[in-house]
Each structure stands twice: as structure tokens, then as C-alpha cells.
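Please read each of them against the structure shown here.

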Amino acid sequence: MSTTRAAVVESGGAPFTLSTVELDEPRPNEALVRMVAAGLCHTDLGVAGGGLPFPLPGVLGHEGAGVVEAVGSDVTGIEPGDHVLMSFTSCGGCKNCRDGHPAYCATWLPLNLLGGRRPDGTSTISRDGEPLGGHFFGQSSFAERALVDQRSLVKVDRDVPLETIAPLGCGVQTGVGAVWNVLAPRTGDTLVILGAGAVGLSAVMAAAMTPATTVIAVDLVAERLELALELGATHTVNAGDGDILEAIQLITDGAGADGVVETTGSVAVLRKGVDALAARGTAVIVGAPPFGSEVALDVNGMLGGKRVVGLTLGDHETQTAIPALVKLVREGRLPLDRLISKYAFEDIGQAVQDMGAGKAIKPVMTFA
């Protein structure tokens with residue numbers, strides 16, 4: 001048992017408060033990681049706000065990056081001193097995991113988002129002898145040290161600053177995967193990215209590296225649309241200026257979009273995106289509205305071969321995808337630094353406030 005300082009959410013809607021907690025000893029399949037940086041994601045805010053049945057009080061955080069301090073007896077390929085990025089975990093044995101699609105692991109929800117415990121029900125984090133919700137995405141990285149599941153760990157080169165790549169753990173790989181793994185644009189395609197937050201702008205950057213020739217970013221914030229243009233969008237639509245469907249039709253001369261990435265979590269925006277599709281076009285659902293949300297679609301409008309596809313974490317096999325994305329960051333081809341605002345870990349409350357107010361696209365906490 002060891003102690004560390006963590007940002008604890010006491011109950012749904014409560015702020016993140018720094019508190020001393022105890023970490024369990026690493027199990028054979030776990031590693032103890034000293035945190036260097038951790039990205040803040042809307043999923044963290046949704047759980048902290050009580051929108052998902054994660055056990056609270058608890059420790060969140062799922063875009064961690066740090067240095068390994070100790071490893072369990074069954075951990076292979078990683079040793080103390082290695083630099084690692086942390087992403088989601090998975091069982092490794094179900095059909096989807098074996099097929100290279102661990103984001104669709106049969107036990108993904110309890111292992112990552114809802115359970116708050118190891119698969120055997122034991123807790124990784126406690127306070128004053130009482131278990132806390134932890135094991136969030138196999139990491140709970142809003143802490144100075146984290147006990148991390150081996151399948152959440154990806155070894156990265158030591159010459160890449162960890163604070164520049166922490167967002168690869170969730171948001172960035174999600175936006176990139178929506179474009180590369182689902183839409184797979186062909187030469188001359190038109191893509192629409194609904195929402196220019198971290199996920200949407202990651203999709204814009206990914207689209208700029210494909211044969212798509214028209215990339216339309218849609219948002220309410222003019223500054224984010226300007227950034228989208230700098231990152232590879234060819235057109236922008238300010239959703240506050242009128243109907244986005246009409247604007248997309250105007251840009252495409254009535255042809256519509258070959259691919260749409262919906263990142264906002266608004267079912268109304270999703271419906272607009274589906275309606276904006278060309279024949280045989282595909283809409284990818286990335287933004288997650290509250291559980292139970294439904295969207296009405298024009299059935300006859302779907303008969304032109306339109307498809308609507310849900311997506312989790314970009315459908316990446318992380319051990320392959322994340323090192324490739326790190327290489328793109330290092331070479332300047334995936335300029336994540338344009339999205340990141342850095343905060344000291346002690347200022348996590350300010351990071352939450354700035355993200356909620358739209359002042360920060362991707363807050364990254366750094367640890368002394």
C-alpha cells in the first residue's frame with residue numbers, strides 16, 4: 001500500500017478536490033506509474049456531473065501519461081523507467097479483442113466506464129480504509145501516481161514530451177479513427193465535422209491527411225472555426241448564423257457529404273448530419289448524449305444507401321495506433337499543441353471551468 005494525492009469527486013455534481021488516497025499494491029497485471037500529464041475529457045466531466053453510474057466518491061482521469069515506477073510479475077514489454085501513455089483497457093480474450101477491436105470488448109463498460117473496480121470486484125484506490133471508485137479506463141490518472149492495468153499501457157519514446165501526447169489516450173484517437181477507420185475517404189470526397197472541440201479538430205487534422213478534397217467544420221465558436229481552417233478544413237459553417245443543413249448543401253452544390261462525424265452529442269445536430277449525407281454516405285456517431293437518448297430519422301431518406309455508425313475510441317488497436325500517432329505528433333504532422341492548454345494539477349478546478357466555458361479546447365494537467 002502506498003499513498004498519493006488525487007483529485008476526488010465526492011458525489012455527482014461535486015467539484016474535483018485534492019485528497020490523499022491509498023493505492024493498492026500492483027497486481028501481477030498492473031504497473032505503478034508516476035504521472036507527468038493527464039488530459040481532461042468531456043467524459044470525465046459527464047461522470048463527475050453524475051451523468052453515468054460510476055461509483056462515487058471516486059478518482060477519474062483517462063488520458064494519462066507518465067513514467068513507470070514498478071510493474072507486476074506478469075507485465076511484459078514494460079519496465080521501470082519507461083515512458084507510457086495510458087488509454088482504455090480490455091479483457092484481451094473475447095472475440096472483438098482477438099479480432100483487433102478492443103474498443104468493443106465484451107466487458108468494455110464495466111472495465112472502463114461504470115465498474116470502478118477491478119474485474120474481481122476489488123478496489124485499486126481507498127481513503128482512510130474505505131474503497132473509492134477507481135480503475136477508470138484501467139488507470140484513474142487524476143492522481144500523482146496511478147495503478148494501471150497493463151492493457152491500458154502503451155510504451156512511447158522518451159524523447160517526446162508527455163504533456164504533448166496525453167490527449168492521444170482518448171479524444172484524439174477517437175476523432176482520428178472516425179475518419180481513418182470508419183469513413184476511409186476516397187479521392188475527392190466531402191467530409192463534414194460537426195463540432196470543433198478536441199475530438200472534432202482531431203478529425204479535421206486526420207481528414208487533412210486523406211484524399212478528401214472538401215472538409216467542412218461546423219461549430220458555434222468563431223475562434224474554433226478559424227483554428228479548424230488552419231488545421232486543414234477547407235470550409236467552415238457557424239451554426240449560429242443559420243441552418244447548417246442549408247449551408248452544407250450550398251457548399252456542396254446540393255450533392256451533400258460523403259462522410260459526417262458528429263462530435264457534439266446533440267441528437268438534433270446528429271439528425272442534421274444524417275440529412276446532409278449524399279447517397280451512400282456515412283454518418284459516424286462519436287458524441288455521446290445522456291443514456292436513453294433517441295433520434296428520429298427520415299426512413300425514406302435512408303433508402304439512398306445512407307449509413308449511421310456508432311464509434312468508440314476510434315476503433316483503434318492501441319498498441320499499433322498510438323505509437324503511429326505519437327510519430328505524427330513528433331514530426332509536426334498532427335499538431336496537437338494547437339489544441340492544448342496546460343494547467344498545474346492543483347488547478348484542475350480552473351481547467352474544468354475553462355473547458356466548460358469553451359475557453360480551453362483540451363486542458364492538460366501537468367504534475368510537478
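1. Ser140 is buried, with a relative accessible area of 2%. In this predicted model, Ser140 belongs to the loop that runs between β8 (130-131) and β9 (145-149). Its phi is near 50 degrees, a positive value in a residue other than glycine. Most residues other than glycine have a negative phi, so the backbone here deserves a look.

2. Asp315 also has a phi near 50 degrees, again positive and again in a residue other than glycine. Asp315 sits in the loop between β16 and α10 (318-330). Is Asp315 buried or exposed? With a relative accessibility of 18%, Asp315 counts as buried, because the limit for that class is under 20%.

3. A further backbone feature is the cis peptide bond that joins Leu56 and Pro57, where omega is about 5 degrees. Pro57 is located in the loop between α1 (42-48) and β4 (58-59). Most peptide bonds are trans.

4. The next point concerns the sheet. Six strands make up an open sheet, ordered β13-β12-β11-β14-β15-β16, and the pairing is parallel. Its edge strands are β13 (235-238) and β16 (307-310), each of which pairs on one side only. On average, neighbouring strands of this sheet are turned by 15 degrees against each other, direction ignored.

5. Helix α7 (residues 244-251) lies across β11 (190-194), β12 and β13, and α7 runs at about 160 degrees to β13.

6. Together with Val267, Val295 and Leu297, Val308 makes a nonpolar surface patch of about 230 Å². Leu297 is placed in the loop between β15 (277-285) and α9 (299-302). The relative accessible area of Leu297 is 32%, and the residue is therefore partly exposed.

7. How many salt bridges does the structure hold? The number is 19. Side chains of opposite charge can pair when their charged atoms come close. One of these salt bridges is formed by the side chains of Asp24 and Arg118, at 3.0 Å from N to O. Asp24 lies in the loop between β2 (16-23) and β3 (30-39), and Arg118 in the loop between α3 (108-114) and β7 (125-127), so this pair ties together parts that are 94 residues apart in sequence. Asp24 is partly exposed, at a relative accessible area of 23%, whereas Arg118 is buried, at 6%.

8. A salt bridge also links the side chains of Glu163 and Lys342, at 3.9 Å from N to O. Because Glu163 is in the loop between β10 (153-156) and α4 (171-183) and Lys342 is in strand β17 (residues 340-344), the pair ties together parts that are 179 residues apart in sequence. Glu163 counts as partly exposed at 22% relative accessibility, while Lys342 counts as exposed at 51%. The distance of 3.9 Å should be read with the cut-off in mind, since a salt bridge requires the nitrogen to be within 4 Å of the carboxyl oxygen.

9. The side chains of Asp275 and Arg271 meet in a salt bridge of 2.9 Å, N to O. Asp275 and Arg271 are four residues apart in helix α8 (residues 267-275), which means that about one helical turn separates them. Asp275 is partly exposed, with a relative accessible area of 26%, and Arg271 is partly exposed, with 28%. Elsewhere, salt bridges that share partners join Arg5, Glu144 and Glu346 into one network.

Terms used. Residues numbered from 1 in each chain as written. Predicted model: local features only at pLDDT ≥ 70, side-chain atom pairs only at ≥ 80, totals over all residues. Heavy atoms only, no water. Patch = residues over 30% accessible without salt bridge, like charges linked within 9 Å, V, L, I, M, F, W, Y side chains within 5 Å. Areas by Shrake-Rupley, 256 points an atom, 1.4 Å probe, with all protein chains shown as cover. Helix = DSSP H or I, 4+ residues; strand = E, 2+ residues; numbered from the N terminus. Buried < 20%, exposed > 50% of the residue type's maximum accessible area, 1.4 Å probe, protein only. Pairing = 2+ DSSP bridges. Axes fitted to C-alpha atoms, helices over the stretch in contact; angles between N-to-C directions. Contact = heavy atoms within 4.5 Å.
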